[in-house]
Every structure is written in C-alpha cells, then in structure tokens.
Amino acid sequence: MEISALTRSVTKRNHAIISPDGYVNSNIPGWKHCTANVVINEAMGAKFCQIITTLNKDGELKGETHAAEIFFYVIKGKCHANAGGGEKELSRGHYVYVPVETAYQFNSEEDGTQVLSFHKVYESLPGGYSPPPPVIFDKASGDGEKYLGDPALRMQILLPDKPAFDMAVNIFTYDSGGHLPFVETHVMEHGLLYLQGQGIYMLDHEWYPVKTGDSIWMAPYCQQWFTAMGKEPAVYIYYKNVNRFPTIQ
Ligand code: UGY
Ligand code: MN
C-alpha cells in the first residue's frame, strides 16, 4: 500500500527534488487544455524557471517571449510547432529554442504529449556580439561525446556553444555504475529532468535516490555528484547558465 504522507520530494535552501507525485497544476496564460507543473522558479530561489507540461490531444501552448527566452523539449508524444516564422512536426527528442520577443505556438497531436521548458531572462552581451538566431528547431540523437575521457559517461550539447547564448542545455547519459568523476562545486545553476533510469544524487552532502520523471534544482555552489544504477543507463537533460560575467555589471 502506498502511504500518501510520504514523498521523495524535498525543497531545501540550495537544492530541490520534485517527483511527479507532488505535482499541483498551474494555469499559464495562453497555455490551454494541458496541465503545467512549475517545478522550479524564482519563488524557490532559482534564477530561471522549469515547467513540465502535459497536453491533451487539443492542447495548445501559445504566446510570445518578452524578457525571457524559452527552450522547449518534447519528452513524449507529437505536436506541431510554429515559432519565429518557422514550423515543424515535433516528436520525442525534438527541441525548439525561442529567443526573446518571438511568437510561438505548439499544438498537440496526441493525448499525453509532454513538453519540458526552461525559461531564462536573457542577458544580452554588449560589445558587438551577435544575438542568438531567430529560432532553432533540432533533434537530440545518439548519446553524444565521451565525457572527460570516461566511456561510461556521454554528453550531448543541444545549443551552440557561442557567446550569444547565456544558457546551455545538455543531455547526460551514464551507464549503470558510471558516476561523475568528482564532486562538482560551481557558480553555475542547474535545472534537470530524468528522462530514463535511476541512481543516487548527492546534493550538498545529502544522498537522494532519483529516477525517471524526477526534476532537480541545484543553486550556485550546491555541491553535486551522481552515480547511475539499475539495468539501463540513466539519462537526464539539464539547464546551465553560461557565457556571462560572474559579477553584477
Ligand atoms: O555541466 C555540468 O556542470 C554537469 N557536469 N553537472 C551535473 O551533471 N550535475
Ligand atoms: Mn554541474
């Protein structure tokens, strides 16, 4: 028997784990016939927002970005996307980067289509750097490159590594038993969603079992380490703020 008084979710000063059992829906203007779960945002202490949205067959996400850019990733299902003058049929693994001041519209074509989104207030870069392109449509494929020389870890980089971009989104694959080579201690923040598998995350010297569907927030300097376990590789997609001066300008 499941006991409804228990959850693996935690919300701490510098990290959080949000498992789907704790979801409570939010209404987002322009997002219809869907359930939107805001798993990370400023109210928590984060400087970005992470939303997991599940659409009905007639679900629609329609709006326009203003100060914040949005990265959308299709977790499952099918939808049709229009953004910045381009359009595309999307299924699992497709992603769309929508820069600031750009209209977007996603229409579900399957009940249960699920979309992850990362939202960040864009920090423009003075000094002649070009801004991000109008819109990016692409698809994650394969496992990516070996990470820091370890074949048990693979990293796929989804957005161009160029100064125009102040966010990175990567997919990290760990074979069972693979682990981060050291405890990371860094100024960059993370938001993360498990796409597959399970393992143990160490956050700020506390140890958490995590699995597919869980989201994690790591504030700047939240110490972090992960090892994968179980019968299949563990895979997570994560956000990181990058390419900007580390002081307030
Ligand atoms: O890019 C990163 O900082 C990454 N290695 N961190 C993480 O997976 N927790
Ligand atoms: Mn990290």
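The model is predicted, and local features need pLDDT of at least 70, while side-chain atom pairs count only at pLDDT 80 or more. Residues are numbered from 1 along each chain as its sequence is written, and side-chain values use heavy atoms.

**Exercise 1.** Determine which protein donors the manganese ion (ligand 2) has and classify the site.

*Solution.* 
1. Donors are N, O and S atoms within 2.8 Å of the metal (3.2 Å for Na, K and Ca).
2. Six donors count as octahedral if opposite donors are over 155 degrees apart and all others between 65 and 115.
3. The six donor atoms of the manganese ion (ligand 2) make angles of 77 to 174 degrees, and the site is octahedral.

**Exercise 2.** Describe the salt bridge between aspartate 166 and lysine 120, and state whether each residue is buried or exposed.

*Solution.* 
1. A salt bridge is a side-chain nitrogen of Lys or Arg within 4 Å of a carboxyl oxygen of Asp or Glu.
2. In this pair, the closest N and O atoms are 2.7 Å apart.
3. Buried means under 20% relative accessible area, exposed over 50%, and partly exposed in between (1.4 Å probe, protein chains only).
4. Aspartate 166 has a relative accessible area of 1%, so it is buried.
5. Lysine 120 has a relative accessible area of 3% and is therefore buried.

Technical notes:
Chains are lettered from A and ligands numbered from 1 in the order in which they are written. Four donors count as tetrahedral if all angles lie between 85 and 135 degrees; four count as square planar and six as octahedral if opposite donors are over 155 degrees apart and all others between 65 and 115; anything else is irregular.
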